[in-house]
Amino acid sequence: MTASRSATGSAPARRPAPGTRPSTTRPVDAVTRVLPDGTGDLVGAIPAPTGVLAFVSGGEGLVGWGEHARLTITGPGAADRIAAWFADVVDGLRVRDEVAAAGSGPVAFVSLGFEDDDESVAVVPSVVLGRRGGVTFSTSIGTPPLAAPVPVRSPGQVRYSDGALSAAGYAGAVRAALARIAAGEVDKVVLARDLHARTERPVDERHLLARLAAGYPSCWTYAVGGLVGASPEMLVRRHGRTVTSRVLAGTAWPGGTGASSSAALMTSSKNLSEHGYAVASVARALGPVTETLAVPDVPHPLVLANLTHLATDVTGTLIADAPGALALAASLHPTAAVGGAPAAAARRVIRELEPVRRTRYAAPVGWLDTHGDGEFAIALRCGQVSGTSVRLFAGCGIVAGSDPAVEARESQVKMLPIREALEG
Ligand SMILES: C=C(O[C@@H]1C=C(C(=O)O)C=C[C@H]1O)C(=O)O
């Protein structure tokens, strides 16, 4: 288990016992204000190409920059440790919040590792720009340095090379998974692959965000710790006592074989069964922490620019002492949308058949605030950016009846959003 932590700007002070605050302890101001004429593009306001923080959908959400505090950890219990660290950081702040909405006040952007030994990242930005219900607001911690905005630059030419598995290698792994399904070991398993991209110039994360947000407005476009993507899948959103989750599984695209239209997808028994496992895993995890939970019997088609998914929107009312958004996200992860069913057997099959380290792909990514509210998508349709190198990921749910060649093609279609954003 490793941990590294840093706090930039004024160091967050721990709150001493009442009456014992040393005269040298100075809480740092965290001020949230409404911006009366704030109607501009959130992503367009980010001033620098890297260290970008974002979680936006349909023009609303949060973007952040500057690091007031950062934590990178590996090992078990990452979500709990990040929540405790965030509480500690907030202890050193004097919070004034005139907005008092989900996401106002200090927030931590968080990207968890897929496995315990994958690194998790959390950042409390010194500046947040947010919009919710048409109200735009900003949160500043301390006095963030003013710097002239750097113009957005395209990454230039992009060259791709296979990751751990070529498309043909991936089809082979799918065949092996089908044999494990036929043997009765698992009902569903999600197998992932990666692809490497090299760009002419260092990638400006804002270049990707702007294109992803424009092309996929119904998705959650995110950036945390260099992981940039546009996810169609909301793992969990907690606003007060209301909890929602958008569960996806089952995919079709123009030119795909079999279920290539929404109507065909809605009647494909292979896709419906694949979807059912994912919905059941979310309902099972939310059941114990909700007073009411509405789970539609029938999914609806979610049409995106590159493909269509089967989607189920689950809504509930949390019990009074329900966990915060990050703890809820950790308890849901991995759903059968990115793991499989039964969960433990699927994880074992993934470890055996998937020669890809997922790092933070397919794990919760989002933000939490000081009230326990937050939004966590599943980190899908993404690339991990590091200078001129980008690692792209995609995976597909395999059930009895899956066709290896079609799944290999589906993995390529799922990489299109991030490829087009890089090349655009
Ligand atoms: C695993 C991914 O996507 C998941 C798998 C899906 C499927 O197999 O039909 C659909 C949506 C996601 O839940 C991915 O995009 O990498």
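Strands β3 and β4 form a hairpin with two residues between them, and Gly 58 in the turn has a positive phi of about 55°. Helices (H or I, at least four residues) and strands (E, at least two) are DSSP runs, numbered from the N terminus. Two strands are said to pair if DSSP finds at least two bridges between them.

This is a predicted model, in which local features need pLDDT of at least 70, side-chain atom pairs count only at pLDDT 80 or more, and totals for chains, interfaces and linings use all residues. Residues are numbered from 1 along each chain as its sequence is written.

**Overall form**

The protein has eight helices and 22 strands. Its radius of gyration is 21 Å, close to the 22 Å that the globule rule gives for 424 residues, so the protein is as compact as a globular protein of that length. The radius is taken over C-alpha atoms, and the rule is 2.2 Å times the number of residues to the power 0.38. The C-alpha trace spans about 70 × 50 × 40 Å along its principal axes.

Buried residues make up 50% of the 424 residues. A residue is buried if 20 or more other C-beta atoms lie within 10 Å of its own, exposed if 12 or fewer, and partly exposed in between, with C-beta atoms placed from the backbone. Of the contacts with a separation of 6 or more, 76% are between residues 24 or more positions apart; a contact means that two C-beta atoms, placed from the backbone, lie within 7 Å.

**Strand pairing**

|---|---|---|
| β3 (53-57) and β11 (220-224) | three | Ala 54 and Ala 223 |
| β10 (188-199) and β22 | eleven | Val 189 and Ile 398 |
| β21 (382-386) and β22 | four | Ser 386 and Ser 389 |

In β3, five of five residues are buried. In a regular strand the side chains alternate between the two faces of the sheet. Both faces of β3 are covered, with Leu 53, Phe 55 and Ser 57 buried on one side and Ala 54 and Val 56 on the other.

Strand β22 is also mostly covered, with ten of its eleven residues buried. In its hairpin with β21, two residues lie between the strands, and Gly 387 takes a positive phi near 65°.

**Helices**

Eight of the eleven residues of helix α3 (residues 205-215) are buried. Among them are Glu 205, Arg 206, His 207 and Arg 211. The elements that cover the buried residues of α3 include β3, β11, β21 and α8 (404-423).

Helix α5 (residues 269-286) has 18 residues and at 1.5 Å a residue should span 26 Å, which agrees with the 26 Å between its end C-alpha atoms. The expected span is 1.5 Å times one less than the number of residues. The buried residues of α5 include Asn 271, Glu 274, His 275 and Leu 286.

**Around the ligand**

Of the 17 residues around the ligand, Thr 251, Ala 337, Leu 380, Gly 395 and Gly 397 come nearest. A residue is near a molecule if its C-beta atom, placed from the backbone, lies within 6 Å of it. Strands β14 (242-252) and β22 (389-399) each supply at least two residues of this shell.

The shell divides into nine nonpolar, five polar and three charged residues. Ala, Val, Leu, Ile, Met, Phe, Trp, Tyr, Cys and Pro count as nonpolar, Asp, Glu, Lys and Arg as charged, and the others, Gly among them, as polar.
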